[in-house]
Amino acid sequence: MSLDADAIVDRRRLRRKLTFWRVAALLIVLVAVGIGAAMVMPGSGIKPGDDSIARIKIQGLIRGNQDRVEALERLGKSRAKAVIVHLDSPGGTTAGSEQLYDALRTLQSKKPMVVVVDGLAASGAYIAALASDHIIAHDTSLVGSIGVLFQYPNFTEVLKTLGIKVEEVKSSPLKAAPNGFEPTSPEARAAIEAIVLDSYAWFKGLVKDRRKLNDAELTKVADGRVFTGRQGVPLKLVDQLGNEKTALAWLEKEKKIPASTPVKDFSLEPRFRELSFLHVAAYGFQQVGLKSLSEQVQAWSGAAAVERLNLDGLLALWHPSPAN
């Protein structure tokens, strides 16, 4: 009987120790996750006391992004001496591009800004480039594509082949037009064209104002085509050929900021999907017996890595035909 009692006491002691270490491990994991999250908040690369040049990157399709706007606002309040924007984007939605342009213009009013076109600054991305003091491109970079696009599929012939007819009841003829299930009426086409031309006029006005073009110069560049960096210089779409070193030299010459000033990355987006600390956290949860929580963290990490593209509305997007 005494042996059984001793075994029970030992078992309870072991259970208490195990519980203690599980709780301790859980707290360590949570602290690690918190520190990791703080480290990857947008704009974590520039500290409040930094006297450096901020490097930001705008890549891929441009959509509305409030996190990016807020990160740019924080950058405007930092002690960064200037901003170098690396652009490599075919554009995106007109509203998203306008939002980005406005945020960059606000930042440019506080700090000198240079854009370096790494590969592509077309359509909405060129709108973003217009916010800067100076645009630099490589010889073979592509810039321009000044225009607006509204695309929609029409399944009329397919539906006829399948013997399917879509019926609808709507309050007015132009409601939900075009819908892709019937031929576009002249009235609907005219309404869409008016929207496209209005946005196109806004885009052209922005280019004319920011690049100081006259009407003849604007006509040469505003037909929707893209130009190389070499072509863009005489057309006034680009100020100079070069790279980030060229940007630093321009900042030194024009803004009196030494080219030796450190350049530090400033993140505009939280990049949780790229972080290993999530996997470390998941492993830690698993080790302390919290398997379900470990699986949730792993699922969250995986889900964050998948970006679903959903472009709605007018597009300022360079989209060459697959046949070209």
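Mentor: Gladly, and let us begin with the pairing of β4 and β5. Strand β4 and strand β5 (residues 134-137) pair in the parallel sense over 4 bridges. Please keep in mind that this is a predicted model, in which local features need pLDDT of at least 70 and side-chain atom pairs count only at pLDDT 80 or more, while totals for chains, interfaces and linings use all residues. Residues are numbered from 1 along each chain as its sequence is written, and side-chain values use heavy atoms, with hydrogens and water left out.

Trainee: What makes β4 and β5 a pair?

Mentor: Two strands pair if DSSP finds at least two bridges between them, and here there are 4. Therefore β4 and β5 count as paired. One of the bridges links Val115 with its partner Ile135 in β5.

Trainee: Which other strands pair with β4?

Mentor: Strand β2 (residues 82-89) runs parallel to β4 and is joined to it by 6 bridges, with Ile84 having Val114 as its bridge partner. Strand β6 (residues 142-144) also pairs with β4 in the parallel sense, over 3 bridges; there Ala122 stands opposite Gly144.

Trainee: How do you know that β5 and β8 are paired?

Mentor: The parallel pairing of β5 with strand β8 (residues 240-241) has 2 bridges, and Ala137 stands opposite Leu241 in β8.

Trainee: Why is the unit of β4, α4 and β5 called right-handed?

Mentor: A crossover is right-handed if, with the strands pointing away from the viewer, the path from the first strand over the helix to the second runs clockwise. The β-α-β unit made by β4, helix α4 (residues 124-129) and β5 is right-handed.

Trainee: Why is Asn65 called buried?

Mentor: Buried means under 20% relative accessible area, exposed over 50%, and partly exposed in between (1.4 Å probe, protein chains only). Asn65 has 18% relative accessibility, so this residue counts as buried. Asn65 sits in the loop between β1 (53-59) and α2 (66-77). Not counting residues up to four places away in sequence, Asn65 touches Gln99 and Glu269 (contact means heavy atoms within 4.5 Å).

Trainee: Is Ser199 buried or exposed?

Mentor: Ser199, in helix α6 (residues 186-211), counts as buried because its relative accessibility is 15%.

Trainee: Which residues of β5 are covered on each face?

Mentor: His134 and Ile136 are buried on one side, and Ile135 and Ala137 are buried on the other. In a regular strand the side chains alternate between the two faces of the sheet. For β4 (residues 113-122), 8 of its 10 residues are buried.

Trainee: What is the mean pLDDT of the protein?

Mentor: The mean pLDDT (the predictor's confidence in each residue, from 0 to 100) is 80, and 68% of the residues reach 70 or more. Over residues 271-276, however, the pLDDT is below 50.
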